[in-house]
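Here are my notes on two of the chain contacts in this model. They are set out as numbered points, to be read beside the coordinates.

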Number of protein chains: 12
Amino acid sequence: MDEHIYRVIQIVGSSEKSIDDAIHVAIARASKTLRELRWFEVVETRGHIANGKVQHFQVTLKVGFTLD
Amino acid sequence: MDEHIYRVIQIVGSSEKSIDDAIHVAIARASKTLRELRWFEVVETRGHIANGKVQHFQVTLKVGFTLD
Amino acid sequence: MDEHIYRVIQIVGSSEKSIDDAIHVAIARASKTLRELRWFEVVETRGHIANGKVQHFQVTLKVGFTLD
Amino acid sequence: MDEHIYRVIQIVGSSEKSIDDAIHVAIARASKTLRELRWFEVVETRGHIANGKVQHFQVTLKVGFTLD
Amino acid sequence: MDEHIYRVIQIVGSSEKSIDDAIHVAIARASKTLRELRWFEVVETRGHIANGKVQHFQVTLKVGFTLD
Amino acid sequence: MDEHIYRVIQIVGSSEKSIDDAIHVAIARASKTLRELRWFEVVETRGHIANGKVQHFQVTLKVGFTLD
Amino acid sequence: MDEHIYRVIQIVGSSEKSIDDAIHVAIARASKTLRELRWFEVVETRGHIANGKVQHFQVTLKVGFTLD
Amino acid sequence: MDEHIYRVIQIVGSSEKSIDDAIHVAIARASKTLRELRWFEVVETRGHIANGKVQHFQVTLKVGFTLD
Amino acid sequence: MDEHIYRVIQIVGSSEKSIDDAIHVAIARASKTLRELRWFEVVETRGHIANGKVQHFQVTLKVGFTLD
Amino acid sequence: MDEHIYRVIQIVGSSEKSIDDAIHVAIARASKTLRELRWFEVVETRGHIANGKVQHFQVTLKVGFTLD
Amino acid sequence: MDEHIYRVIQIVGSSEKSIDDAIHVAIARASKTLRELRWFEVVETRGHIANGKVQHFQVTLKVGFTLD
Amino acid sequence: MDEHIYRVIQIVGSSEKSIDDAIHVAIARASKTLRELRWFEVVETRGHIANGKVQHFQVTLKVGFTLD
């Protein structure tokens with residue numbers, strides 16, 4: 001976080017594997033349309049259950065990116 | 001909330017009639033430019049008062065939509 | 001919310017009919033002794049239950065009014 | 001809330017009609033298995049969207065009931 | 001989260017391995033007595049330390065299940 | 001809080017005497033039907049007033065117990 | 001909390017003796033000018049320290065009273 | 001904060017100049033009708049925008065004053 | 001806040017001078033691409049430190065603007 | 001709270017007797033190594049249960065002390 | 001915030017002049033005994049009032065510094 | 001959490017690998033200077049992004065240790 005101006009958006013990633021992977025998925029998707037992503041913060045960690053097991057994890061992130 | 005990736009935005013709708021209607025107004029407006037809206041969450045319920053009566057309700061929503 | 005100075009008070013309204021009506025009841029009561037009510041914000045929504053049904057809704061509001 | 005001891009549970013009701021109706025639905029369901037329900041508090045108000053419209057409202061309640 | 005009515009309970013799972021595993025443990029245990037578990041939300045992540053190392057992770061979850 | 005799995009419930013105790021006593025009352029009542037209570041956390045402290053005096057204290061607790 | 005309309009105010013009581021006593025002090029003072037006090041909720045518990053000991057406890061309360 | 005009993009009110013001040021000035025404005029106004037103001041706490045900092053510039057800052061304060 | 005529909009975004013401004021200036025910087029930047037900005041709310045105030053001094057303030061704002 | 005600069009630390013005291021006593025225990029311990037303790041604030045009140053009874057109360061405090 | 005490990009402490013600075021100055025005061029004091037301060041976050045903004053005017057501002061900060 | 005008195009500190013660990021690893025890193029570092037660490041609680045999970053990927057995770061912990 002240096003002297004730039006940032007915009008902050010919220011994005012939700014999901015993964016059958018892990019919380020960490022759901023974060024990677026969300027950031028990979030955001031980086032397809034937004035350059036200069038700089039930091040994230042976990043807002044909420046949820047998930048779906050099917051047949052008594054975690055079906056997938058869902059992690060909501062705030063993601064900050066630099067405005068030129 | 002299935003396996004997709006979501007973007008979450010905040011929008012404020014208002015209505016002279018009711019809290020429910022302010023939610024309908026906000027979602028109708030958001031759906032004009034965003035397809036694939038999937039869920040909402042009420043963040044804040046406020047309103048304006050004039051002449052000792054509710055002039056209109058204002059409801060702030062988080063709205064999630066699917067990123068392809 | 002323009003350039004005025006506001007005082008903010010908390011008031012609880014109740015209604016057998018609906019959440020919206022409990023808000024109308026609270027503001028109608030406040031306007032009997034306070035002029036220049038300008039806005040409200042819902043702080044809490046509760047209610048009483050009797051015989052397995054909602055007996056009445058109780059909505060706690062912050063209400064702002066202009067100080068001359 | 002008098003001198004009794006209460007247990008507090010969380011329940012989510014849903015309705016295509018309104019927030020108020022989702023609360024009625026949740027309490028009606030809870031009262032099928034629990035007698036002596038006494039009060040509720042709204043914890044969260046969410047909903048699903050389909051085709052750009054509210055499909056149904058979902059309201060999460062804390063519900064208190066008397067332990068004998 | 002479709003049109004059903006849910007009950008929400010809190011459960012704490014622990015694991016020596018990871019946060020993800022503590023979630024799996026909690027849900028596996030809950031599914032032994034409750035059918036129709038549908039979603040979870042992480043409320044709190046804590047743990048115990050012994051000899052300067054994480055002894056086990058403890059994750060508190062809200063878990064929602066369908067009421068018939 | 002060792003390696004066990006816990007269920008967490010909410011219970012409200014009341015006492016005319018003190019906050020501490022309202023906690024004792026809540027836990028004594030919970031222990032009549034639940035074995036293996038292990039910890040509690042105070043969520044909310046309220047009370048009723050009559051004739052300008054505290055009529056009774058009401059303390060809401062989260063209570064954790066071991067699942068076998 | 002029955003069908004009445006309430007006003008809610010905040011008041012801070014202090015006592016050298018105990019938290020409970022600081023609550024009694026605050027409510028006794030409020031009842032000197034306000035009739036029909038009905039309930040309170042503890043918002044914050046603080047205190048002052050002198051010579052390594054608690055000098056007095058300070059408890060901030062929300063207090064609700066009936067509006068006729 | 002010594003041994004006195006306090007009442008706490010909320011007030012909103014605004015200023016075209018700065019956050020600090022909005023606080024001064026709020027307290028100057030409160031002191032016109034209330035003697036013995038002792039402390040304040042910032043609850044919320046907002047403002048209005050016109051023509052792409054801050055039109056005025058609005059600061060909501062809790063203000064405590066001694067009850068005799 | 002009148003009867004319009006608003007979109008709310010988050011933006012972070014920074015300034016070596018002051019908190020107020022960081023707010024001005026954020027809003028000036030947002031107004032370059034968004035017309036009809038109407039209000040802001042401070043979400044978080046942070047900053048960087050170098051050589052034992054504040055290097056710059058960083059203020060996170062929610063900013064609301066009218067949707068036509 | 002006068003013009004001094006404070007450091008704020010967190011400490012957890014426990015007592016078999018009461019919440020008040022757990023606060024006294026925490027402050028007595030802190031005062032053994034820190035002079036100039038000035039105020040405290042209760043952050044969390046928890047406790048352990050054994051054989052269906054409160055085994056001890058645990059109170060987490062923020063404690064402020066003057067830096068010379 | 002790079003790859004280092006940080007310790008986070010809380011400190012309260014005060015100033016008769018402004019909120020910004022109270023932050024400068026707190027950080028200048030912390031830097032007398034702690035090297036490698038890197039960032040701060042405002043936790044709470046309060047102040048004292050005397051004779052109907054702000055006597056001084058008090059700002060509570062979380063301050064992070066690098067552990068070697 | 002038994003009958004001891006605890007001090008609670010905040011520490012931030014980081015890891016390129018995972019959230020779990022950032023926790024291990026923070027606790028390993030804290031145990032170099034503090035004996036008798038007993039528990040931790042996750043306060044915040046953040047991270048840095050470079051070239052559209054997570055560069056490292058940063059986890060802020062409260063860590064409790066026994067005071068003799």
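1. Across the interface of chain D and chain B, 5 residue pairs are in polar contact, both residues of each pair being at pLDDT 80 or more. The model is a predicted one, and the pLDDT condition should be read with that in mind. On the side of chain D that touches chain B, the elements giving two or more residues are β2 (37-50) and β3 (53-67) of chain D. Of these, β2(D) gives the most, with 6 residues. Sorted by class, this side of chain D has 4 nonpolar, 6 polar and 4 charged residues.

2. The charged part of the D and B contact can be stated briefly. There is 1 salt bridge between chain D and chain B. B:Glu41 forms a salt bridge with D:Arg46, and their closest N and O atoms are 3.1 Å apart.

3. How much area do chain D and chain B bury between them? The figure is about 1200 Å², with 62% of it on carbon and sulfur atoms. Within chain D, the residues that lose the most area to chain B are D:Arg46, D:Ile49 and D:Val54, which together make up 46% of what that side buries. In residue terms, the contact involves 14 residues of chain D and 15 residues of chain B.

4. There is also strand pairing between the two chains. Strand β2 (residues 37-50) of chain B and β2(D) run antiparallel and are joined by 3 bridges. Within this pairing, B:Phe40 stands opposite D:Gly47 in β2(D). β2(D) is also the element that gives the most residues to the side of chain D touching chain B.

5. The second contact is that of chain A with chain L. The copies use different surfaces, since 7% of the contact residues of chain A recur in chain L.

6. Chain A puts 15 residues into the contact and chain L puts in 14 residues. The buried area between chain A and chain L is about 1200 Å², and carbon and sulfur atoms give 62% of it. On the chain A side, A:Asp20, A:Phe40 and A:Glu41 lose the most area to chain L, together 40% of what that side buries.

7. Which residues form a salt bridge between chain A and chain L? A:Glu41 forms one with L:Arg46, the closest N and O atoms lying 3.1 Å apart. The interface has 1 salt bridge. The count of residue pairs in polar contact between chain A and chain L is 5, with both residues at pLDDT 80 or more. The elements that give two or more residues to the side of chain A touching chain L are α1 (19-33) and β2 (37-50) of chain A. α1(A) gives the most, with 7 residues. By class, this side of chain A divides into 10 nonpolar, 2 polar and 3 charged residues.

8. Last, the strands of this contact. β2(A) pairs with strand β2 (residues 37-50) of chain L in the antiparallel sense, over 3 bridges. In this pairing A:Trp39 stands opposite L:His48 in β2(L).

Definitions and conventions:
Residues numbered from 1 in each chain as written. Chains lettered and ligands numbered in written order. Predicted model: local features only at pLDDT ≥ 70, side-chain atom pairs only at ≥ 80, totals over all residues. Heavy atoms only, no water. Contact = heavy atoms within 4.5 Å. Buried area = accessible area lost by both parts, 1.4 Å probe. Salt bridge = Lys/Arg side-chain N within 4 Å of Asp/Glu carboxyl O. Polar contact = N/O pair within 3.5 Å; in protein donor to acceptor, adjacent residues only side chain to side chain. Helix = DSSP H or I, 4+ residues; strand = E, 2+ residues; numbered from the N terminus. Nonpolar A, V, L, I, M, F, W, Y, C, P; charged D, E, K, R; others polar. Pairing = 2+ DSSP bridges.
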